[in-house]
Amino acid sequence: MTLADRLTSIMKEKKISQAKLGEAIGMSQTTIWKLMTGKTKSNRNLLKIADYLGVSVEWLAKGEGPQLKQQRDGTPMDELSARDVDEWDDKTPLNDDEVEVPYFKSIELAAGHGCSSTEDHNGYKLRFSKSFFRRKNAQKEFVICFPAKGNSMEPVIPNGATVAVNTLQKDIRDGDVYAICQDGLCRLKRLYLLPAGKIRIVSYNSEEFPDEIDDSKNIEIIGRVFHCSFEM
């Protein structure tokens, strides 16, 4: 099935018209029609479309993973977005169920051709619940966060999204997203192991960013991306 097939099928199943979908997410009916007829094979609003339809953006865009809106480990995405958020600053004490991890605001992991920076994180931190880390099998001492830059991982990881990386998880699980350093550039990519010590480097936006193959010795794996957050 193509993107057009999947979109048409789920809209028919949920009895949602092109006009209703377009109005709900702020897109023109013409754009929706182009997606449903295959005139357009991708769109930066796929994330909004998937969210409105209650399906996984990976399934909608590529036909991969479960159809329902879930993460790989089975945690519903709604569970992450529905939590109450309180305002806080550096002087706000941590709750019993909170941990802080470093946020390298000045080091952008390029979801594109790559970028590099050696600037310190200047003390920036992000807060997560301990229960969330337990579900993700992550320890705060080995978690770091970065902003993503570029469109090669759209629609799953939009430009400007914040990703959390588990630096203990360096073993490649085919298809998972990793923060890597390659030729001095920091990047976010899906990785696949190949014979003879090769690694296939894949972008979600494969139309603009074709697959690459490189020797594993040329790739430093920072860690596996286990969480992504962004503003809709």
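Cys145 is buried, with a relative accessible area of 0%. Cys186 is buried as well, at a relative accessible area of 10%. The structure, which is a predicted model, holds zero disulfides.

**Cysteines**

- How far is the sulfur of Cys186 from the closest cysteine sulfur? The distance is 3.7 Å, and the partner in question is Cys181.
- A disulfide requires two cysteine sulfur atoms within 2.5 Å, so the sulfurs of Cys186 and Cys181, at 3.7 Å, are too far apart for a bond.

**Strands β4 and β5**

- Strand β4 spans residues 143-149, and six of its seven residues are buried.
- Strand β5 comprises residues 162-166 and runs antiparallel to β4, to which five bridges join it.
- Within this pairing, Ile144 has Val165 of β5 as its bridge partner.
- In a regular strand, side chains alternate between the two faces of the sheet.

**Helix α3**

- Helix α3 covers residues 29-37, and its buried residues are Ile32, Leu35 and Met36.
- Viewed down the axis of α3, these buried residues fall within an arc of 95°, so they line one face of the helix.
- An α-helix has 3.6 residues a turn, so residues three or four places apart point the same way.
- The elements against which the buried residues of α3 pack are α1 (3-14), α2 (18-25) and α4 (46-53).
- Gly38 follows α3 and has a positive phi, near 80°.

**Helix α4**

- The buried residues in α4 are Leu46, Leu47, Ile49, Ala50 and Leu53.
- Around the axis of α4 they cover an arc of only 160°, which places them on the same side of the helix.
- These buried residues of α4 pack against α1, α2, α3 and α5 (57-62).
- After α4 comes Gly54, whose phi is positive, near 75°.

**Confidence of the prediction**

- The average pLDDT of the protein is 81, and 78% of the residues score at least 70.
- Over residues 71-88 the pLDDT is below 50; this stretch has 25 contacts in the model beyond near neighbours in sequence.
- Residues 114-119 also have a pLDDT below 50, and their stretch has 14 contacts beyond near neighbours in sequence.
- Where pLDDT is low, the predicted coordinates should not be read in detail.

Definitions and conventions. Residues are numbered from 1 along each chain as its sequence is written. Side-chain values use heavy atoms; hydrogens and water are left out. Buried means under 20% relative accessible area, exposed over 50%, partly exposed in between (1.4 Å probe, protein chains only). Helices (H or I, at least four residues) and strands (E, at least two) are DSSP runs, numbered from the N terminus. Two strands pair if DSSP finds at least two bridges between them. The arc is that of the directions from the helix axis to the C-beta atoms. Contact means heavy atoms within 4.5 Å. pLDDT is the predictor's confidence in each residue, from 0 to 100.
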